[in-house]
Amino acid sequence: MSTIAQEYMNGERPGPLTREIPECMRDKYTVVQSIIDLIVFVIVTIGYIIRAIYRFIVGYQKKDLKGGVALVTGGGGGLGSLIALRLARLGCTVVLWDINKQGLEDTVKLVKGIGGNCYGYTVDLANREDIYRVAKKVEEEVGRVTLLINNAGVVSGQYLLDTPDHLIQRTFDVNVLAHFWTVKAFLPTMIEHNDGHIVTIASMAGFIGVSKLVDYCSSKAAACGFDESLRMELVSKGINGVHTSLICPFFIRSTGMFEEVVARLVPQLNSNDVADRVILAIRTNEPIALIPGFFRVLLPFKWLVPWKCICDFINVIVPDAVPHSVQNTPTTVLPTKSDPLHTKRDSRPMSLVPPERHDRQV
Ligand SMILES: NC(=O)c1ccc[n+]([C@@H]2O[C@H](COP(=O)([O-])OP(=O)(O)OC[C@H]3O[C@@H](n4cnc5c(N)ncnc54)[C@H](O)[C@@H]3O)[C@@H](O)[C@H]2O)c1
């Protein structure tokens with residue numbers, strides 16, 4: 001470090017600002033500067049709002065995804081497979097990652113069946129080395145990934161004190177940490193080409209805490225924070241060709257996760273509608289999509305009204321958030337000789353069988 005820099009840090013040399021402003025004016029300068037900053041901020045905000053209203057009325061321009069390589073994690077079933085079908089129809093080469101081999105094979109067949117170009121890879125997203133290894137393979141065998149959709153997710157669905165440690169670990173490994181490893185694997189080439197899009201499928205549970213979903217909600221809140229801070233980082237580095245989108249749906253019908261969950265007042269979402277909404281968010285570079293959209297109006301109330309109201313409201317709309325598959329699964333993990341504290345990590349999804357009502361429309 002230069003001696004000048006060292007002197008600045010030791011406070012022996014006044015900084016450029018302190019040198020230029022006389023001592024008696026410093027406080028006033030700070031106040032005046034703050035007022036100017038505020039006025040500029042308000043003007044810029046009004047500009048952005050007018051632009052958003054204009055775009056809302058005339059419609060957003062949709063980008064062409066044809067020729068790109070889209071990687072969908074958890075693409076072997078549920079929402080991931082529906083997104084894959086839509087991407088293939090739009091002309092993307094689709095790469096699917098899933099731990100469920102059968103689901104993966106079925107989805108690859110489905111995508112190829114509609115004339116799409118599709119590759120399936122068996123990956124355990126709870127395993128960092130596996131992610132890095134297969135990411136390298138994809139770049140060699142398929143090409144540069146231009147669209148990364150971090151969609152895979154798991155849920156434990158038990159009271160916190162009943163949830164075995166390995167399931168909590170698994171929730172964070174798949175729902176959050178996997179996003180770090182996939183982004184670290186594919187973002188460098190996106191930045192190099194100043195072209196790419198990273199999609200985080202989080203959940204409304206990232207904003208609202210629900211009983212029996214402590215690990216799930218906190219992992220989804222982390223995923224929301226991941227997307228926002230990554231977006232800020234790209235902006236601060238001046239990378240304008242790589243976009244991020246955060247998708248936060250309410251409970252979805254007919255996927256393998258919250259099938260038959262009890263929800264009142266707000267109806268469960270149709271999985272095909274959610275997949276369509278994800279594609280729209282990608283094609284319009286939308287930074288955040290709450291599904292259904294009216295949650296944008298409801299969410300701020302969380303910080304405005306007394307907590308008791310929020311608590312009662314959440315209990316009314318989600319009286320029981322336990323997924324159907326968990327209700328029918330014995331939850332007790334018995335200790336074994338080789339694993340006396342039953343700490344063995346299990347990264348498998350709760351259910352490998354897609355629900356019967358799962359209809360995959362394109
Ligand atoms: N279903 C809902 O109500 C709902 C609501 C809000 C958000 N989401 C989110 O949407 C995303 C998709 O959910 P879904 O409803 O399609 O669930 P799903 O269970 O049908 O699909 C999840 C997919 O992830 C895969 N997966 C799980 N663990 C894995 C692992 N370790 N390695 C690789 N793949 C793994 C599963 O095999 C499955 O194909 C998830 O992130 C979920 O949290 C779902």
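Strands β1 (residues 69-73) and β2 (residues 93-98) pair in the parallel sense through five bridges; strands count as paired if DSSP finds at least two bridges between them. The model is a predicted one, in which local features need pLDDT of at least 70 and side-chain atom pairs count only at pLDDT 80 or more, whereas totals for chains, interfaces and linings use all residues. Residues are numbered from 1 along each chain as its sequence is written. Helices (H or I, at least four residues) and strands (E, at least two) are DSSP runs, numbered from the N terminus.

In general, the strands of a sheet pair through backbone hydrogen bonds, either parallel or antiparallel. Here, seven strands form an open sheet with parallel pairing, in the order β3-β2-β1-β4-β5-β6-β7. The edges are taken by β3 (117-122) and β7 (288-291); each has a single partner strand, so one side of each is left without a neighbour in the sheet. From one strand to the next, the twist averages 15 degrees. Angles run from 0 to 180 degrees between N-to-C directions, and axes are lines fitted to C-alpha atoms, for helices over the stretch in contact. Helix α9 (residues 271-283) lies across β4 (147-150), β5 (196-201), β6 (242-249) and β7, and runs at about 155 degrees to β6.

Helix α9 also packs against α4, at an angle of about 55 degrees and with the axes 9 Å apart. This angle makes α4 oblique to α9; angles under 35 degrees count as roughly parallel, over 145 as roughly antiparallel, 65 to 115 as roughly perpendicular and the rest as oblique. The crossing of α4 with α9 is right-handed; a crossing is so named if the near helix is turned clockwise from the far one by less than a right angle, and left-handed if anticlockwise. On the α4 side the contact is made by L79, L82, I83 and R86, and on the α9 side by S271, N272, V274, A275, V278 and I279. Residues are in contact if their C-beta atoms, placed from the backbone, lie within 7 Å. The contact of α4 with α9 comprises seven nonpolar residues, two polar and one charged. In this classification Ala, Val, Leu, Ile, Met, Phe, Trp, Tyr, Cys and Pro count as nonpolar, Asp, Glu, Lys and Arg as charged, and the others, Gly among them, as polar.

The axes of α4 and helix α5 (residues 101-113) come within 9 Å and cross at roughly 25 degrees. The two helices, α4 and α5, are therefore roughly parallel to each other. The crossing of α4 with α5 is right-handed. S81, A84, L85 and A88 of α4 meet T107, L110 and V111 of α5, a contact with five nonpolar, two polar and no charged residues.

A further helix pair is formed by α6 (residues 128-141) and α7 (residues 165-193), which pack at an angle of about 25 degrees with their axes 10 Å apart. That angle makes α6 roughly parallel to α7. Their crossing is right-handed. In α6, R128, I131, Y132 and A135 meet A178, W181, T182, A185 and F186 of α7; these residues divide into seven nonpolar, one polar and one charged.

Two backbone features occur in loops. The peptide bond from I291 to P292 is cis, with omega near 0 degrees, and P292 is found in the loop between β7 and α10 (295-298). K212, although not a glycine, has a positive phi of about 70 degrees; K212 is placed in the loop between β5 and α8 (214-236).

Note on methods:
Two residues are in contact if their C-beta atoms, placed from the backbone, lie within 7 Å.
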